[in-house]
Amino acid sequence: MNPRSLAKALVLATTRATVAPLVALWRLETALLPESRRVTTFQAYSQALSAVPGLTGQFLRRAFYGAVVTECHPESCINWGTVFSNPDVVLAKGVYVGARCMIGRAVLGEHVTIGSNVDILSGKNQHGFDDPNVPVQDQPGRYERVHIGKNTWIGNGAIVMADVGARAVVAAGAVVVNPLPDDVIAGGNPAKVLKRRDPATGEWVKA
């Protein structure tokens with residue numbers, strides 16, 4: 001192990017020890033609380049950890065999420081201000097999440113890059129709105145996992161409500177409401193495929 005890798009391993013071990021009491025408290029609370037309260041309790045922990053700035057915050061978030069969410073690879077990066085709304089989230093190796101993002105139920109593949117101020121919702125059916133006499137908040141919805149394929153880049157300010165394929169680019173400010181395939185550039189509201197990668201040349205061509 002080279003000196004840099006050794007230093008990173010030591011820092012990660014230290015931060016894991018630092019957050020161990022927090023992890024233990026989270027597990028105790030989730031064991032005692034009704035299931036309906038567990039997600040909101042998780043959100044409170046996520047909000048608190050999101051406020052820690054700099055590298056310290058990055059390491060603390062990585063250590064905590066590595067212990068409590070579905071998967072958080074030790075070689076991922078979660079920046080300041082980013083909040084997860086559900087522990088059913090996967091951050092694979094090399095994932096980078098920018099500042100001030102909101103992420104629901106999601107699977108982020110290897111080396112996915114998320115810009116700042118990006119919202120990844122738990123699908124587009126979280127709220128029902130069919131009955132005009134019932135508040136939207138009280139109408140049942142469906143929370144789904146959104147998958148982002150490996151080596152995909154989601155630009156600043158994008159809103160993602162559907163799956164995005166591998167090696168894709170979602171333009172800044174785009175709103176993804178329908179699934180996008182591999183190897184495309186998409187933009188707009190709703191997001192549409194603007195370019196595709198030519199499988200023969202590897203170059204981007206107009207869709």
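**Around Ile-103**

Reply: Let's start with Ile-103. Leaving out residues up to four places away in sequence, Ile-103 touches Val-83, Phe-84, Ser-85, Asn-86, Val-89, Val-97, Leu-108 and Ile-120. Keep in mind that this is a predicted model.

Me: What makes a residue like Val-83 count as touching Ile-103?

Reply: Contact means heavy atoms within 4.5 Å. Val-83 is on the list of residues that Ile-103 touches.

Me: Which residues have the most contacts inside the largest nonpolar core?

Reply: Ile-103 is one of them, along with Tyr-65, Leu-108, Ile-114 and Ile-120, and the core has 43 residues. The elements giving two or more residues to this core are α1 (3-32), α2 (35-50), α3 (54-68), β4 (89-91), β7, β10 and β15. The most comes from α3, with 5 residues. As a general point, nonpolar side chains in soluble globular proteins tend to be buried together.

Me: Why are β1 and β10 said to stand at the edges?

Reply: Look at the strand order first: 4 strands form an open sheet, β1-β4-β7-β10, with parallel pairing. β1 (71-72) and β10 (146-148) each have a single partner strand, so one side of each is left without a neighbour in the sheet.

Me: How do you know that β7 and β10 really pair?

Reply: Two strands pair if there are at least two bridges between them. Strand β7 (residues 106-108) is joined to β10 by 3 bridges, and the two run parallel, so they pass that cut-off. One place to look is Val-107, whose bridge partner in β10 is His-147.

**Around β15**

Me: What makes β15 covered on both faces?

Reply: Val-184 and Ala-186 on one side, and Ile-185 and Gly-187 on the other, are all buried. In a regular strand the side chains alternate between the two faces of the sheet.

Me: Which strands is β15 joined to, β13 and β16 included, and how do they run?

Reply: With β13 (residues 169-170) there are 2 bridges, and the strands run parallel; Val-169 stands opposite Ile-185 there. With β16 there are 4 bridges, and the strands run antiparallel. On that side, Ile-185 stands opposite Lys-195. β15 and β16 form a hairpin with 4 residues between them, and Gly-188 in the turn has a positive phi of about 100°.

Me: What is the peptide bond that joins Asn-189 and Pro-190, cis or trans?

Reply: It's cis, with omega about -5°. Pro-190 sits in the loop between β15 (184-187) and β16 (192-197). Most peptide bonds are trans.

Me: Why is Asp-183 called buried?

Reply: Buried means under 20% relative accessible area, and Asp-183 comes in at 19%, so it gets the label. Asp-183 lies in the loop between β14 (175-176) and β15, and has a positive phi of about 55° although it is not a glycine.

Me: And why is His-111 called partly exposed?

Reply: The relative accessible area of His-111 is 40%.

Terms used:
Residues numbered from 1 in each chain as written. Predicted model: local features only at pLDDT ≥ 70, side-chain atom pairs only at ≥ 80, totals over all residues. Heavy atoms only, no water. Buried < 20%, exposed > 50% of the residue type's maximum accessible area, 1.4 Å probe, protein only. Core = buried A, V, L, I, M, F, W, Y, C linked by side-chain atoms within 4.5 Å.
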